[in-house]
Amino acid sequence: METNTTFLPLARPDIREEDIALVNEVLRSGMLVQGKYVEKLENGFAEYHELKYAIALSNGTATLHLALKVLGIGPGDEVIVPAFSYVATANVVELVGATCVFVDIDEVTFNIDVAQIEKAITPKTKAIIPVHEFGLACDIEVVCALAEKHGIHVIEDAACALGARQNGKLVGSFGVLGSFSLHPRKSITSGEGGILITNDEIIAFKLKQLRNHGIQMENGKMNFVEAGFNYRMTDFQAALAWSQFQRIDNILEYKNKLADLYFDSIINAKITLPFKPLDRNHTWQTFHVLLDKSVEQKKIIEKLKGKDIGTNYGAQCIPAQTFYKKRYNLNAEALFPNAYNAYTKGLAIPLYEKLSDDDILHISQIINKL
Ligand SMILES: Cc1ncc(COP(=O)(O)O)c(C=O)c1O
């Protein structure tokens with residue numbers, strides 16, 4: 001691969017000719033919504049995760065929303081969410097009229113601090129949405145054990161973590177439902193898109209109904225048995241994701257190689273590199289470093305932009321966002337110090353298939369001089 005001498009954005013999907021060919025095939029067929037490639041993608045996802053059902057939806061927020069809906073979670077219920085994630089993880093709780101209960105993250109892994117979960121559980125707790133942040137499995141086995149003990153549902157937010165494992169088992173397949181996003185910043189993309197996976201036949205059936213206006217066919221006639229949504233995926237989107245899904249192992253291997261190169265080449269006392277665990281793989285949806293307390297995140301982002309490198313903060317401290325401040329009135333900095341620190345001192349740097357080794361070395365050199 002050639003060195004990129006122009007601007008290196010934070011993310012850029014690797015859309016290949018073979019992907020475009022499949023999309024074209026669908027466009028030419030005229031069967032644009034929920035056709036053969038949606039089915040292939042669903043079957044492929046279910047098989048890959050060794051589960052029975054996968055349901056493709058229009059994005060990875062719709063997946064979380066329907067997960068809560070299908071479990072009957074609503075007003076009066078509490079849902080535990082990490083204080084540090086993309087805001088969608090909490091927004092869906094608000095959308096169903098339930099209440100978010102935030103738990104701080106571990107400062108090293110950026111995943112929910114499992115030691116703090118139990119004190120957040122109350123008689124109103126109905127579910128927990130652990131996030132496998134930036135492509136690293138959280139301590140999902142501990143989360144599931146706690147959930148089982150207290151009789152609450154686990155909806156895994158694996159939006160960023162396709163292919164991540166704990167003890168050899170793929171994330172998304174631990175909880176009652178696993179949720180994935182196929183947004184362009186993820187390992188494979190359909191533009192916008194999302195997938196839910198489950199082993200529960202009744203849940204899968206209801207999800208298919210809910211994504212399509214609550215439809216039920218009765219003696220060849222359409223009936224509407226729920227106030228559902230239009231959360232369907234188009235078939236050309238599914239074709240794009242399906243094509244990339246064929247090379248998922250190669251994608252993850254290549255990203256892992258680039259991450260290793262960062263580990264070897266970034267040396268800067270003001271920057272802490274991400275944690276690379278020995279007991280589970282990291283899928284590097286985001287390479288997220290932490291800046292020293294003395295360093296101003298905004299200035300670094302601007303400085304790197306001036307050097308033609310796109311970076312940004314990695315995810316939000318959700319209780320610190322305006323809506324959540326108004327709704328819950330929590331002192332986020334004091335109550336969720338690790339989430340707040342990751343939000344204000346975290347920096348996502350470029351790591352994706354379109355980058356070459358030379359690009360990574362170039363970015364590292366610039367970061368080392370900061
Ligand atoms: C952790 C997490 N959950 C949910 C989502 C929402 O996914 P989508 O953008 O496909 O709606 C994202 C998207 O970035 C995410 O990072």
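What volume does the largest cavity have? The largest cavity has a volume of about 210 Å³. This is a predicted model, in which local features need pLDDT of at least 70, side-chain atom pairs count only at pLDDT 80 or more, and totals for chains, interfaces and linings use all residues. Residues are numbered from 1 along each chain as its sequence is written, and side-chain values use heavy atoms, with hydrogens and water left out.

**Cavities**

- Rolling a probe the size of a water molecule over the atoms shows where empty space is left.
- On a 1 Å grid over the protein atoms alone, a cavity is a set of points where a 1.4 Å probe fits but cannot get out, while a pocket is an open set with protein on both sides within 12 Å along at least five of seven lines; lining residues have an atom within 4 Å of a point.
- Grid points are joined across faces, edges and corners, and a volume is the space filled by probe spheres set on the points.
- The structure holds three cavities of 30 Å³ or more.
- The largest cavity is lined by 22 residues, and P184, R185, K186, K255 and Y352 are the closest to its centre.

**The largest pocket**

- The largest pocket contains about 500 Å³ of space.
- Its lining has 27 residues, with Y86, C160, H183, K186 and Q285 nearest the centre.
- The ligand sits in this largest pocket (more than half of its atoms lie within 2 Å of the pocket's grid points).

**Around the ligand**

- There are 15 residues around the ligand, and G60, T61, D157, S181 and K186 come nearest (a residue is near if one of its heavy atoms lies within 4 Å).
- Polar contacts are pairs of N or O atoms within 3.5 Å; within protein, one must be able to donate a hydrogen and the other to accept it, and residues adjacent in sequence count only if both atoms are side-chain atoms.
- The side chain of T61 has an N or O atom 2.5 Å from an oxygen atom of the ligand.
- For D157, a polar side-chain atom lies 2.7 Å from a nitrogen atom of the ligand.
- S181 places a polar side-chain atom 2.7 Å from an oxygen atom of the ligand.
- Taken alone, the ligand exposes 390 Å², and the protein buries 90% of that (areas come from the Shrake-Rupley method with a 1.4 Å probe; for residues, only the protein chains shown count as cover).
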